[in-house]
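Me: I should like to go through the reasoning behind the terms applied to this model. Please set each value against its criterion before concluding.

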Amino acid sequence: LYAALRVAQASHAAAERQSRSAEDSLALAQARARAGLDSGLAIAQAQSAADAARARLPGFRQAETQARLGLEALLGGLPGAFAARLAPAPATTPALDVVPLLDAPAAVIARRADLRAAEARLAAAGLDASAARAERWPTASLAATFTRTGDSRAPDLDLLSGGVAAVATLFDFGRLDALADAAGAEAEREAAAYRRAVTFAVGEVEREADRALRAREEAAANRAAADSARDQAALARARYSSGLSSFLDVLVAERAVADAEIALAAADGRVLDAGVALAAALGFGQEP
């Protein structure tokens with residue numbers, strides 16, 4: 001819901017910028033027509049674009065309000081209780097401190113609720129989960145950071161070092177199996193369940209880490225597309241002001257800017273959502 005709120009706010013801001021730009025273009029077309037430099041068609045086109053831009057605003061306002069109300073309800077507050085704290089983020093924000101998500105693969109396993117439950121069942125069966133962990137734990141690491149850039153409302157996520165797949169190689173289930181064989185059928189079942197839980201946890205972390213990287217790459221591509229669209233729109237308006245192109249070029253370029261900025265807002269939201277999913281897969285917030 002928080003990601004949805006930020007996406008709606010960024011999309012609403014992009015739509016408002018498009019509306020203001022359309023109003024400016026309308027004023028420019030009217031000024032050129034009064035000076036005899038353009039026909040009434042340009043004014044009609046500009047008026048239509050301005051009306052269309054204004055028509056998009058209520059939908060984005062509604063999406064923003066619904067996301068905020070949903071988040072406030074989830075947080076246990078009355079409507080408007082968190083309006084100030086959930087206000088649109090400023091255009092530029094300071095960088096967040098780097099937060100190491102984990103320093104060693106053991107930290108991935110230790111904090112997940114499902115694995116702690118599996119280890120508890122192992123203990124009840126008379127086995128020790130530490131028997132499944134090789135002494136090589138400290139030799140591999142996986143780390144990640146959440147940072148906020150100055151031109152984005154959503155945090156970027158960088159996977160710094162290591163590899164999630166390496167975690168799987170750090171388990172020595174042979175010793176656990178040997179203990180389970182000696183302890184009986186119940187212990188064997190719990191040992192197998194623990195192995196499945198570890199395999200699932202490692203796979204989930206790897207999937208979410210890959211999704212986070214793909215989301216970040218997508219957001220970077222959308223950011224570059226938005227920058228290019230803004231440059232093209234500025235050039236189109238300059239050419240129209242100089243009488244070198246028609247107003248249609250301005251309309252197409254300005255609409256492309258709005259679409260690119262809204263797509264960027266959605267991509268940044270997916271970066272934030274993927275970061276939350278990765279943190280959940282790593283077990284953050286699940287500590288006893």
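Reply: One may begin at the end of a helix: directly after α1, Gly36 adopts a positive phi of about 75 degrees. Please bear in mind throughout that this is a predicted model.

Me: How do you know that the span of α1 agrees with its 33 residues?

Reply: The expected span is 1.5 Å times one less than the number of residues. For the 33 residues of α1 this comes to 48 Å, and the end C-alpha atoms are 48 Å apart, so the two values agree.

Me: What makes the span of helix α7 agree with its residue count?

Reply: Helix α7 covers residues 185-241, which are 57 residues, and at 1.5 Å a residue it should span 84 Å. Gly243 follows α7 and has a positive phi, near 75 degrees.

Me: Why is α1 called roughly antiparallel to α2?

Reply: The axes of α1 (residues 2-34) and α2 (residues 40-74) come within 8 Å and cross at roughly 165 degrees. Because angles over 145 degrees count as roughly antiparallel, α1 is roughly antiparallel to α2. The crossing of α1 past α2 is left-handed.

Me: Are α1 and α8 roughly parallel or roughly antiparallel to each other, and why?

Reply: The axes of α1 and α8 are 8 Å apart, and the packing angle is about 170 degrees. The cut-off for roughly antiparallel is over 145 degrees, and α1 and α8 are therefore placed in that class. Residues of α1 that meet α8 include Val7, Ala14, Ser21 and Ser25, and among their counterparts in α8 are Phe247, Val250, Glu254 and Ala258.

Me: Does Ser25 count as buried or exposed, and why?

Reply: Ser25 is located in helix α1. Buried means under 20% relative accessible area; the value for Ser25 is 1%, so this residue counts as buried. Neighbours within four places in sequence aside, Ser25 contacts Ala46, Arg237, Phe247, Val250 and Glu254.

Me: What makes Arg56 partly exposed?

Reply: Arg56 belongs to helix α2. The partly exposed class lies between the limits of under 20% for buried and over 50% for exposed. With a relative accessible area of 22%, Arg56 is therefore partly exposed. Residues up to four places away in sequence aside, Arg56 touches Gln18, Arg255, Ala258, Asp259 and Ile262. Arg56 and His12 are separated by 44 residues in sequence, and their C-alpha atoms are 8.8 Å apart.

Me: Which secondary structure elements does the protein have, and in what order do they run?

Reply: The protein has eight helices and two strands. From the N terminus, the order is α-α-α-α-β-β-α-α-α-α.

Me: How many residues does the protein have, and what share of them is buried?

Reply: The protein has 288 residues, and 41% of them are buried. Of the contacts with a separation of 6 or more, 76% involve residues 24 or more positions apart.

How values were computed. Residues are numbered from 1 along each chain as its sequence is written. This is a predicted model: local features need pLDDT of at least 70, side-chain atom pairs count only at pLDDT 80 or more; totals for chains, interfaces and linings use all residues. Side-chain values use heavy atoms; hydrogens and water are left out. Helices (H or I, at least four residues) and strands (E, at least two) are DSSP runs, numbered from the N terminus. Buried means under 20% relative accessible area, exposed over 50%, partly exposed in between (1.4 Å probe, protein chains only). Contact means heavy atoms within 4.5 Å. Axes are lines fitted to C-alpha atoms, for helices over the stretch in contact, and angles run from 0 to 180 degrees between N-to-C directions. Angles under 35 degrees count as roughly parallel, over 145 as roughly antiparallel, 65 to 115 as roughly perpendicular and the rest as oblique. A crossing is left-handed if the near helix is turned anticlockwise from the far one by less than a right angle, and right-handed if clockwise.
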